[in-house]
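Dear colleague,

Please find below the structure that I am handing over to you. My findings follow it, arranged by topic.

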Amino acid sequence: MAIGDFAGSTRRPTQREFGMEAGYSAPLYWLYEIGHAALNPSRAMADASRLLLKNPINPASHTTLGKSMAAACELFERTTRRYGKPDWGIAETVVEGQRVPVHLNTVWRRPFCNLLHFERAFEHPPARPQPKLLVVAPVSGHHATLLRGTVEAMLPNHDVYVTDWVDAKLVPLAEGRFGLSDYVDYLISIFHRLGGDCHVMAVCQPAVPVMMAVARMEAEEDPYVPRSMTLMGGPIDTREAPTAVNALAQDRGIDWFRRNVITAVPWTHPGALREVYPGFLQLNGFMHMNLDRHVQAHWDLFTHLVKGDGDSVEKHRDFYDEYLAVMDLTAEFYLETVENVFVTHALPKGEILHHGQMVKPEAIHRVALMTVEGEKDDISGIGQTKAAHRLCPRIPEDRRVHWEQPGVGHYGVFNGSRFRAEIAPRITDFILSVEYPRGATYDGMVEARARSRSEPAEAADEPDVFALPANVTSLYPRNAAP
């Protein structure tokens, strides 16, 4: 999932070598589209053959040969298919013993991101407080639905919002660029939309822009700063316990990535001619890191199909339907992130910029901080996320905590049984401790927050989901709605 997960590419040909005009970075994406289109007839034939060979009316469906042929057809169809964005599939949750329906609503929109609200329809309001939680999904190749397990684990105790990033190939060039500073702008705008009375959880890559956004807001004494931030498996300082991902970025340098992995979106997509780091190249990087395991998993799928092991087949399908669904990243965001996070280490050195202004993590003092790392994380090594505490010395000791989860890798930091049983409860306890410090009463805290977040009369109405409150747009003019 890390933003630097790329290996094994061939060199990208230059424009001069292909005699192409400016605006065409390389034909790589175009060749991929042609190859995919060329396989459409074969894919359709394989799928039709699979259905024929699995039909119980067909005598061959009961033979080992017939089952093997059907399994081979399914394997071919799945390995050459283009996987679309998965559904969230969260229809309900359990809060204090009662099943509560969940409705998914979009409450804020920008060209490159939608803010989703998992609204719980309570029949009886819960007795326990349900703090507002913003889960910031990574812009690193997979869709936000990869955090389905994270959301499901937090819904029983929180009012959950999630950033749903848009595939760059679907955003027309007319909508402009999207770089690291624009990412920070989006986060600040979302914090304003949520009114500041929220907590933020950054999963992996967003740890850096979330800290940048909070630091910028703290420096401006923004009243809508979140109450706490939880950084999970994020590359705050990649000089700590560097991994293979960090080594690759250091060895190759930013120019190598610009030459080898950036290409232009073909005409078949709304974002035609936008320069991107394409999803199929990212998937190549993901697969390359554990190629033997993926090959074995697909061989296991073949044998399970022949044996009729339906449970194992469904588990494989569910995992790879999610894993193989990838999205494009804008070239500017990818390259700026690789350079600032993995090559120059700009954030921990105090050199990272937001629209030309220095970002100062030491300005953070009102926001509580929790960091979470996995003992076996091979993407963000031990200490990379914990470094956030060193960069934020003004946060009081009683408002900061670090947790290292034994026995989990990168994915286990935010998903799986240990996340549900050990990490998620700790995050909830941390958030509640920030919401209601020891000795404070619930009614007193509510009244104090109401006074501290009072707005001018003209801004007291329900805020426009496409604009910032009038009294803070001047601080971040790039966030203002057009």
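The largest pocket holds about 910 Å³ of space. Please note that this is a predicted model, and the values given here are computed from it.

The greatest contribution comes from H11, with 7 residues. By class, the lining of the largest pocket comprises 11 nonpolar, 12 polar and 8 charged residues.

The second largest pocket has a volume of about 680 Å³. Its lining consists of 31 residues, and Tyr32, Arg82, Tyr83, Leu324 and Val326 are the ones nearest the centre. At least two lining residues come from each of helix H2 (28-38), helix H4 (64-80), strand E5 (159-165) and H9. Here H2 gives the most, with 5 residues. The lining of the second largest pocket divides into 12 nonpolar, 9 polar and 10 charged residues.

**Enclosed cavities**

The model contains 4 cavities of 30 Å³ or more. For the largest cavity, the volume is about 70 Å³. Its lining is formed by Phe112, Val139, Trp165, Val166, Ala168, Phe178, Met327, Asp328, Leu329 and Thr330. Sorted by class, these lining residues are 8 nonpolar, 1 polar and 1 charged.

**A sheet of three strands**

An open sheet is formed by 3 strands in the order E8-E9-E10, with antiparallel pairing. Strand E8 (263-264) and strand E10 (329-330) are the edge strands, each pairing on one side only. Between E8 and strand E9 (residues 275-277), the antiparallel pairing runs over 2 bridges. Ala264 has Glu275, in E9, as its bridge partner.

**Individual residues**

Thr243 sits in the loop between strand E7 (228-232) and helix H8 (244-260). Is Thr243 buried or exposed? Its relative accessibility is 10%, so Thr243 counts as buried, the limit for this class being under 20%. The side chain of Thr243 also reaches the backbone oxygen of Ile379, at 3.0 Å.

Leu301 belongs to helix H10 (residues 291-307). Leu301 counts as buried because its relative accessibility is 1%. Leu301 and Ser312 are separated by 11 residues in sequence, and their C-alpha atoms are 7.7 Å apart in space.

**Cysteines**

How many disulfides does the structure hold? The number is 0. In general, a disulfide is a covalent bond between the sulfur atoms of two cysteines. Cys198 has a relative accessibility of 0% and therefore counts as buried. Cys204, at 1% relative accessibility, likewise counts as buried.

I would be grateful if you would read these findings alongside the structure shown above.

Yours sincerely

Definitions and conventions. Residues numbered from 1 in each chain as written. Predicted model: local features only at pLDDT ≥ 70, side-chain atom pairs only at ≥ 80, totals over all residues. Heavy atoms only, no water. Disulfide = S-S within 2.5 Å. Buried < 20%, exposed > 50% of the residue type's maximum accessible area, 1.4 Å probe, protein only. 1 Å grid on protein atoms, 1.4 Å probe; cavity = no way out; pocket = protein on both sides within 12 Å on 5 of 7 lines; lining within 4 Å. Points joined across faces, edges and corners; volume = space filled by probe spheres on them. Nonpolar A, V, L, I, M, F, W, Y, C, P; charged D, E, K, R; others polar. Pairing = 2+ DSSP bridges. Helix = DSSP H or I, 4+ residues; strand = E, 2+ residues; numbered from the N terminus. Polar contact = N/O pair within 3.5 Å; in protein donor to acceptor, adjacent residues only side chain to side chain.
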